[in-house]
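Subject: Structure handover

Hello,

Here is the structure I promised to pass on. My notes on what turned up follow below it.

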Amino acid sequence: MLRALLTLAALTGFEAVIFGAVSDHALSGAHAQLARTGAHYELTHALAVFASVFVARLGGRGALAAGVLFLIGILLFSGSLYALAFGAPALVAMATPIGGLAFLAGWLMLALACARLKLKET
């Protein structure tokens, strides 16, 4: 599971860079802004997936679930913005706030995992 999350985190980071470049070089106006926003959130949450694996390795219960929630958020939030940027029907926008809620749930779960860590103070 850890290897899968790390691999997916790296691939979503890769994808975010691609969509960031596409937003700057192939799209314009509102379409470019949609792709740019999707890329920003995707890259941010790719790093959050890495953090989740790190916290899990420290013994943080729930950290892996946070990583999964971040990936679901990337799929729904960023994915819907990319789809809209390339002309998908407006109905696709209904997935965006669900992805945002997945991001929020992931951050709360990661915070709880961090709060429960038993670390030696030095």
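Predicted model: local features only at pLDDT ≥ 70, side-chain atom pairs only at ≥ 80, totals over all residues.

Gly 100 is buried, at a relative accessible area of 19%. The cut-off for buried is under 20%, so Gly 100 falls on the buried side with its 19%. Gly 100 sits in helix 4.

Every value here is computed from it.

The overall picture

The chain has four helices and zero strands. From the N terminus on, the order reads α-α-α-α. The C-alpha trace spans about 50 × 25 × 25 Å along its principal axes. Of the 122 residues in the chain, 37% are buried. The chain exposes about 7100 Å², and carbon and sulfur atoms supply 73% of that area. Now the contacts between residues at least 6 apart in sequence: 72% of them join residues at least 24 apart.

Helix 2

Helix 2 covers residues 29-57, which makes 29 residues. From first C-alpha to last, helix 2 reaches 43 Å. The buried residues of helix 2 include Ala 32, Ala 35, Gly 38, Ala 39 and Glu 42. Further along helix 2, His 45, Ala 46, Ala 48 and Val 49 are among the buried ones too. Ser 52, Val 53 and Val 55 are also on that list.

What covers these residues? The cover includes helix 1, helix 3 (63-85) and helix 4 (95-115).

Ser 52 belongs to helix 2. Its relative accessibility is 0%, so Ser 52 counts as buried. Leaving aside residues up to four places away in sequence, Ser 52 touches Ala 63, Ala 66, Gly 67, Phe 70 and Leu 110.

After helix 2 comes Gly 59. The phi of Gly 59 is positive, near 105°.

The salt bridge

How many salt bridges does the count give? The count comes to one. The partners are Arg 36 and Asp 24, with their closest N and O atoms 3.1 Å apart. Arg 36 is in helix 2 and Asp 24 is in helix 1, so the pair ties together parts that are twelve residues apart in sequence. Arg 36 counts as partly exposed, at 34% relative accessibility.

Aromatic rings

A pair of aromatic rings is described by the distance of the centres and the angle of the planes. The count comes to six aromatic pairs. One of them joins Tyr 41 and Phe 103. That pair is stacked, at 6.2 Å centre to centre and 15° between the planes. Stacked requires planes under 30 degrees apart, so the 15° of this pair qualifies. The pair links distant parts of the chain: Tyr 41 is in helix 2, Phe 103 is in helix 4, and they are 62 residues apart.

Phe 103 counts as buried, at 4%.

There is also an aromatic cluster, formed by Phe 19, Tyr 82 and Phe 86.

Helix 4 again

Ala 102 is in helix 4. Ala 102 counts as buried, at 8% relative accessibility. Not counting residues up to four places away in sequence, Ala 102 touches Leu 69, Ile 72 and Gly 73. The C-alpha atoms of Ala 102 and Leu 11 are separated by 19 Å, and the two residues are 91 apart along the chain.

A nonpolar surface patch

Ile 72 comes up again at the surface. Met 1, Val 68 and Ile 72 form a nonpolar patch there, with about 260 Å² of accessible area together. Met 1 lies in the segment before helix 1 (2-25). Met 1 is exposed, with a relative accessible area of 60%. The cut-off for exposed is over 50%, so Met 1 clears it with its 60%.

Best wishes

Conventions
Residues numbered from 1 in each chain as written. Heavy atoms only, no water. Patch = residues over 30% accessible without salt bridge, like charges linked within 9 Å, V, L, I, M, F, W, Y side chains within 5 Å. Areas by Shrake-Rupley, 256 points an atom, 1.4 Å probe, with all protein chains shown as cover. Salt bridge = Lys/Arg side-chain N within 4 Å of Asp/Glu carboxyl O. Helix = DSSP H or I, 4+ residues; strand = E, 2+ residues; numbered from the N terminus. Buried < 20%, exposed > 50% of the residue type's maximum accessible area, 1.4 Å probe, protein only. Expected span 1.5 Å × (residues − 1). Contact = heavy atoms within 4.5 Å. Phe/Tyr/Trp six-rings, centres within 6.5 Å; stacked < 30°, edge-to-face > 60°.
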